Amino acid sequence: MPELPEVETTRRGLAPHVEGRRITGVVLRRPDLRWPVPAEVAALLPGQTVLGVRRRAKYLLLDTAPGSALLHLGMSGMLRVLPAATPVETHDHVDLAMDSGRVLRFTDPRRFGCLLWQPAGTTHDLLAGLGPEPLADDFDGDLLFDRSRGRKAPVKAFLMDQAIVVGVGNIYAAEALFRAGIAPGRAAGAVSRERYRRLAAAVKQVLGQAIARGGTTLRDFLSPDGAPGYFEQELAVYGREGEACRTCDRRLRGAVMGGRATVWCPGCQR
Ligand SMILES: [Zn+2]
């Protein structure tokens, strides 16, 4: 599933090819993805210039004067910029044709992704109530400390709560907690301000590194197979249950917390 770094990598790859381009046509090959595609997408986008490509949480927004196309990649979605004559395949659901002679093509075999519409000056329901962006200045240890007081939920579930901070998926939560030395099952309200400061810094570090790595795949962005991937060899705990901690050599433990597989080091994380 695309996580925040993959979505940000996608945004950076698309922006130079899409920003400033006029949309000349919209082709919807299915009336619905995860949800029905609203009529505004085909009615209002043609003729509009894309003013910017933004990311909020794991959503991408293509801003135009009347509003924004709101895209989510779901489990298996992919956005590519291709020559307009590129043959259409089974799971190519949407094309936005551009005045550059290329199309922005949305492909999604499992159709958990979506294409929605946010009128200018409004905030879509899916984006309302979201916490800050993890890489923004308003996300820090003090915010985590203040919002966690009195909470008994595991700190990992707290960190993955989109109302607290967006886009910290399972992999990145596990890795950040390891770097911060915090056991994932500890009650969120029992973690000190100082430790939350380390955790916020670790979140920024792991996401920032993943985005920087994603950047290395950008040269492949325009190729049909150019999907950014994870870098498993760099993961300290995620997916390594039962293996030796690379820091202290103890055996990494695993458990299911809040429905998500979690791995941690009982030596390095308290
Ligand atoms: Zn360890």
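**Figure 1. Lining and volume of the largest pocket.** By class, seven nonpolar, five polar and three charged residues make up the lining of the largest pocket; here Ala, Val, Leu, Ile, Met, Phe, Trp, Tyr, Cys and Pro count as nonpolar, Asp, Glu, Lys and Arg as charged, and the others, Gly among them, as polar. The model is predicted, so that local features need pLDDT of at least 70 and side-chain atom pairs count only at pLDDT 80 or more, whereas totals for chains, interfaces and linings use all residues. Residues are numbered from 1 along each chain as its sequence is written, and side-chain values use heavy atoms, with hydrogens and water left out. Of the 15 lining residues of the largest pocket, E3, K58, H72, Q162 and G167 lie nearest its centre. The volume of the largest pocket is about 290 Å³. Grid points are joined across faces, edges and corners, and a volume is the space filled by probe spheres set on the points.

**Figure 2. The largest cavity and its lining.** A search of the whole structure finds one cavity of 30 Å³ or more. The volume of the largest cavity is about 40 Å³. Its lining consists of L71, L79, V94, L96, L104, R105, F106 and L115. The elements giving two or more residues to this lining are β6 and β7, and β7 gives the most, with three residues. Helices (H or I, at least four residues) and strands (E, at least two) are DSSP runs, numbered from the N terminus. By class, the lining of the largest cavity has seven nonpolar, no polar and one charged residues.

**Figure 3. Salt bridge between R105 and D95.** R105, one of the residues lining the largest cavity, forms a salt bridge with D95, the closest N and O atoms being 2.8 Å apart. A salt bridge is a side-chain nitrogen of Lys or Arg within 4 Å of a carboxyl oxygen of Asp or Glu. The pair links distant parts of the chain, with R105 in strand β7 and D95 in strand β6 (residues 92-98), ten residues apart. Both R105 and D95 are buried, where buried means under 20% relative accessible area, exposed over 50%, and partly exposed in between (1.4 Å probe, protein chains only).

Figure 4. The structure holds 19 salt bridges. In one of them, E133 pairs with R55, with 2.7 Å between the closest N and O atoms. E133 lies in the loop between β8 and α3 (141-148) and R55 in strand β2 (residues 52-56), so the pair ties together parts that are 78 residues apart in sequence. E133 is buried at 14% relative accessibility, and R55 is buried at 17%. Salt bridges that share partners join E8, R11, R12, R55, R56 and E133 into one network. D32 forms a salt bridge with R111, and their closest N and O atoms are 3.5 Å apart. This pair also links distant parts of the chain: D32 is in the loop between β1 (23-28) and α2 (39-44), R111 is in the loop between β7 (102-107) and β8 (114-119), and they are 79 residues apart. D32 is partly exposed at 25% relative accessibility, and R111 is partly exposed at 27%.

**Figure 5. The zinc site.** The protein donors of the zinc ion are the SG atoms of C245, C248, C265 and C268, which lie 2.2 to 2.4 Å from the ion. Donors are N, O and S atoms within 2.8 Å of the metal (3.2 Å for Na, K and Ca); water is not among the atoms, so sites may look incomplete. The angles among the four donor atoms run from 95 to 116 degrees, and the site is tetrahedral. Four donors count as tetrahedral if all angles lie between 85 and 135 degrees. In sequence, the donor residues are spaced C-x2-C-x16-C-x2-C. C248, in the loop between α6 (193-215) and β9 (253-257), and C265, in the segment after β10 (260-264), are 17 residues apart and link distant parts of the chain. C248 is partly exposed, at 32% relative accessible area, whereas C265 is buried, at 0%.

Key. Four donors count as tetrahedral if all angles lie between 85 and 135 degrees; four count as square planar and six as octahedral if opposite donors are over 155 degrees apart and all others between 65 and 115; anything else is irregular. On a 1 Å grid over the protein atoms alone, a cavity is a set of points where a 1.4 Å probe fits but cannot get out, and a pocket is an open set with protein on both sides within 12 Å along at least five of seven lines; lining residues have an atom within 4 Å of a point.
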